[in-house]
Amino acid sequence: MNKKQNIKALCIAAAMLLSGFCAHAQELEVSAYFNGVVPVGQFASKVTGLNPDAFDRSQFTPMNRENIATGAAAGLGFTLRGGFWFDMGFGELMPYIEGTFLWNSLKGSVRQAYDAASAKYPAYFNIPLYLGFKYRYDINDIIRPFAEIGFGYDFLIITRSAQQDELWYRFKPSAALGWQFGLGTYLGRNVSVGLYYLGLGTHT
């Protein structure tokens, strides 16, 4: 099954998941989250469209093949999610669908190398689309801890990098299977805090 078929299957699964539960749902939740993002790995393993004659590797080491799509700094993100809560008798379960937009620039040491070469450095954008389940247990009206897991696709976009308006390389948008796991708590009914790990897949 190719990527287009996988994405189509994901969309069908989302429709079936939500339509199958709507008739018995007790509570609809539509949520928006602001995220702080700290990368713990690299976003991609190789680059396409590289022009090795467009720069001098001895003068600009960050542009070699091993460093492209690496060196991401802490960033920001925004998530929009919808789902339905169901009473399980020992807590509540919510199947959900969500989309997230994540932005990362380059960390200081890599950015300084670009600046020294008077180069425009790239930015990294990840857009994961996930289906998942969230479990919540109410200790009281204020503390309501939760755990969740989700699976789907991440779409990686890297902006172009150039020096004196000359394109050095191009990274085609990439899609890869990904997943996430999160723990946290609701503080009352409308505010929650959590810590998540996002496996954004293997991009090439």
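At 4% relative accessibility, Arg-144 counts as buried, a class that covers residues under 20% relative accessible area, with exposed meaning over 50% and partly exposed in between (1.4 Å probe, protein chains only). The side chain of Arg-144 meets that of Asp-138 in a salt bridge, with N and O 3.1 Å apart; a salt bridge here is a side-chain nitrogen of Lys or Arg within 4 Å of a carboxyl oxygen of Asp or Glu. Through shared partners, salt bridges join Glu-27, Glu-92, Arg-136, Asp-138, Arg-144 and Arg-189 into one network. The model is predicted, so local features need pLDDT of at least 70 and side-chain atom pairs count only at pLDDT 80 or more, while totals for chains, interfaces and linings use all residues. Residues are numbered from 1 along each chain as its sequence is written, and side-chain values use heavy atoms, with hydrogens and water left out.

Arg-136 is buried, at a relative accessible area of 2%, whereas Asp-138 is partly exposed at 34%. Side chains of opposite charge can pair when their charged atoms come close. Over the whole structure, the search finds eight salt bridges.

Arg-81 and Glu-148 meet through their side chains in a salt bridge of 2.6 Å, N to O. Arg-81 belongs to strand β2 (residues 72-87) and Glu-148 to strand β5 (residues 143-158), so the pair ties together parts that are 67 residues apart in sequence. Both ends are hidden from the probe: Arg-81 is buried, with a relative accessible area of 3%, and Glu-148 is buried, with a relative accessible area of 3%.

The wider fold puts these pairs in context. The chain has two helices and nine strands, where helices (H or I, at least four residues) and strands (E, at least two) are DSSP runs numbered from the N terminus. Read from the N terminus on, the elements follow the order α-β-β-β-α-β-β-β-β-β-β. Seven strands make up an open sheet with antiparallel pairing, in the order β1-β2-β3-β4-β5-β8-β9; two strands pair if DSSP finds at least two bridges between them. At the edges stand β1 (27-37) and β9 (192-199), each with a single partner strand, so one side of each is left without a neighbour in the sheet. On average, neighbouring strands of this sheet are turned by 20 degrees against each other, direction ignored; such angles are taken between N-to-C directions, on a scale from 0 to 180 degrees, with axes as lines fitted to C-alpha atoms, for helices over the stretch in contact.

Strand β2 can be followed on both of its sides. With β1, β2 pairs in the antiparallel sense over eleven bridges. Along this pairing, Phe-34 stands opposite Phe-78 in β2, and Gly-36 has Leu-76 of β2 as its bridge partner. Twelve bridges join β2 to strand β3 (residues 92-106), and these two strands run antiparallel. Phe-78 stands opposite Phe-101 in β3. The strands β2 and β3 form a hairpin with four residues between them, and Gly-89 in the turn has a positive phi of about 90 degrees.

Thr-79, also found in β2, is buried at a relative accessible area of 6%. Its side chain makes a polar contact of 2.9 Å with the side chain of Asn-35 and another of 2.8 Å with the side chain of Thr-100. A polar contact is a pair of N or O atoms within 3.5 Å; within protein, one must be able to donate a hydrogen and the other to accept it, and residues adjacent in sequence count only if both atoms are side-chain atoms. Leaving aside residues up to four places away in sequence, Thr-79 touches Ser-31, Ala-32, Tyr-33, Asn-35, Glu-98, Gly-99 and Thr-100, contact meaning heavy atoms within 4.5 Å.

Further along the sheet, Phe-181 lies in strand β8 (residues 174-187) and is partly exposed, with a relative accessible area of 36%. With residues up to four places away not counted, Phe-181 touches Glu-148, Ile-149, Leu-195, Tyr-196 and Tyr-197.
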